[in-house]
Amino acid sequence: MSKEKRFPLSWELKMPKMGESITEGTIISWLINEGDSFEEGDIILEVATDKVDNEVPAPQSGKLIQTLFQAKDVVPVGEIIAIFEASEDITSIEKVVLPSNSEVSEEKTKQTPKKPEATRSTSRPITSSSTSNISSSSGRPGGDFFSPLIQKIAKEQHISYEELARIPATGHEGRLRKSDVFNYIGEGRPYKFTQAVAQDPTAYRIPQLNFDKGKGKIIKMDRMRQMIADHMVYSKHTSPHVTAYVEADMTNMVNWRNANKEAFQKKYGERLTFTPLFVEAVAKAVKDFPNINASVDGSDIIVKEDINIGMATALPSGNLIVPVVKNADTKDLKTLAENVNEMANKARENKLGGDDIKGSTFTISNVGTFGSVMGTPIINQPEVAILALGIIKKRAEVMETEKGDEIAIRSMMYLSLSFDHRVVDGFLGGSFVRRVADYFEQFDVNRKI
């Protein structure tokens, strides 16, 4: 037989990564059944994250052979969720041997995670050197996951999870491959006697207290509310929150917007809200203080190159979501208004996609929309700060003039910045929020639209 390029008959579909900091997804439903054929680009299943629901298209034509997870299963990113048969000519295809039905059933029983509880963590600490604790959701440093094949090899070779986690990986995005494991075995298993990390005896442990929660109407949290609860608890547990407050005189900005909003909409066909003006000023301040535009990775601080401003937005259900204005520092006011209005409309219509909520590096929350004077927002992980903007309210203020101190009616607003005190000190946090307020106050009333 002449040599020719050979393709695998069967290929694996893995849980896709649908956003920064997203480590798992919940299968909403399969849109095709086992045995069904499909074309490249057909939507084959729906997956939900803590942010949005996503449709997953087929990367190539084929037929569904086996689904390894079912609706409502929570699956780690990178985990195999189904096996397909490709539609290429089988005369030039090298067939992949699939496990028997009994083996698949047994593996599914081992792999399928339980439905998450409200306190469920998205990561698992290393606490045991037993190979029986190697799980499909066990993470490598960097966020990858061990495939069922790697787990099987590890169990056969009596390789512990602690040892497995230290094997150098050469796969895509740091994924451990079969060849990596066998190369490691061939080298004599240098990490064979790796011990589990002992739990810190000084670590704080949450006391198990029994409270009388009372009686009343019971409302079951929906999936998104459970995810939000997990993220908020995680953020407060991870980042020592400190909040700094400043006050800004918004009179110039308010007067300019009131005078130009109709002309702006007539010229560009876009509503001119305060949000694009806020995003513009915040992006300028981030450029002045780049260390506020960061995340933490152990003992490393990652200062982001892009300035992507997240906007905390309420959905019709009452849940919160954070669509993102990408590269906000490079856009003019017209483009910012377009982006903000588009994201707001998508949020109201529940049409936000995965790309719309990816990559935020700094978040603002306009609590003034709800009439709040100020707020103490919780940091949107893995960022290190979040800015809350209160209601703009007119009141009497003492102004310094050429004639001396005078009382005038001004439009005032409180700004509150919550920051991660592990890496943001009071000087940086206070200076940043003050710079944002300065940009608000120094708004050019003669600016052309």
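1. Buried here means under 20% relative accessible area. The model is predicted. In helix H4, residues 178-186, the buried residues are Asp180, Val181 and Tyr184. They lie on the same side of H4, because they cover an arc of only 95° around the axis. Glycine 188 follows H4, and its phi is positive, near 95°.

2. Next, the aromatic rings. The structure holds seven aromatic pairs. One of them joins tryptophan 11 and phenylalanine 84: ring centres are 4.7 Å apart and planes are at 25°, so this pair is stacked. It links distant parts of the chain, with tryptophan 11 in strand S2 and phenylalanine 84 in strand S9, 73 residues apart. Tryptophan 11 counts as buried, at 11% relative accessibility. Phenylalanine 84 is buried too, at 0%. Ring pairs link Trp11, Phe38 and Phe84 into a cluster.

3. Phenylalanine 362 and phenylalanine 432 form an edge-to-face pair, because their planes stand at 65° with ring centres 5.2 Å apart. Phenylalanine 362 is in strand S18 and phenylalanine 432 in helix H9, 70 residues apart. Both are buried.

4. Two arginines sit over rings. Arginine 257 lies over the face of phenylalanine 274, at 4.6 Å from the ring centre. The charged end of arginine 447 is over the ring of tryptophan 256, 5.9 Å from its centre.

5. The second largest pocket holds about 630 Å³ of space. Its lining has 28 residues; Thr275, Ala312, Thr313, Asn366 and Thr369 lie nearest the centre. Helix H8 gives the largest share of the lining, five residues. By class, the lining has 16 nonpolar, nine polar and three charged residues.

Methods: Residues are numbered from 1 along each chain as its sequence is written. This is a predicted model: local features need pLDDT of at least 70, side-chain atom pairs count only at pLDDT 80 or more; totals for chains, interfaces and linings use all residues. Side-chain values use heavy atoms; hydrogens and water are left out. Buried means under 20% relative accessible area, exposed over 50%, partly exposed in between (1.4 Å probe, protein chains only). Helices (H or I, at least four residues) and strands (E, at least two) are DSSP runs, numbered from the N terminus. The arc is that of the directions from the helix axis to the C-beta atoms. On a 1 Å grid over the protein atoms alone, a cavity is a set of points where a 1.4 Å probe fits but cannot get out, and a pocket is an open set with protein on both sides within 12 Å along at least five of seven lines; lining residues have an atom within 4 Å of a point. Grid points are joined across faces, edges and corners, and a volume is the space filled by probe spheres set on the points. Ala, Val, Leu, Ile, Met, Phe, Trp, Tyr, Cys and Pro count as nonpolar, Asp, Glu, Lys and Arg as charged, and the others, Gly among them, as polar. Rings of Phe, Tyr and Trp (its six-membered ring) pair if their centres lie within 6.5 Å; planes under 30 degrees apart count as stacked, over 60 as edge-to-face and the rest as tilted. A charge sits over a ring if NZ of Lys or CZ of Arg is within 6 Å of the ring centre and within 35 degrees of the ring normal.
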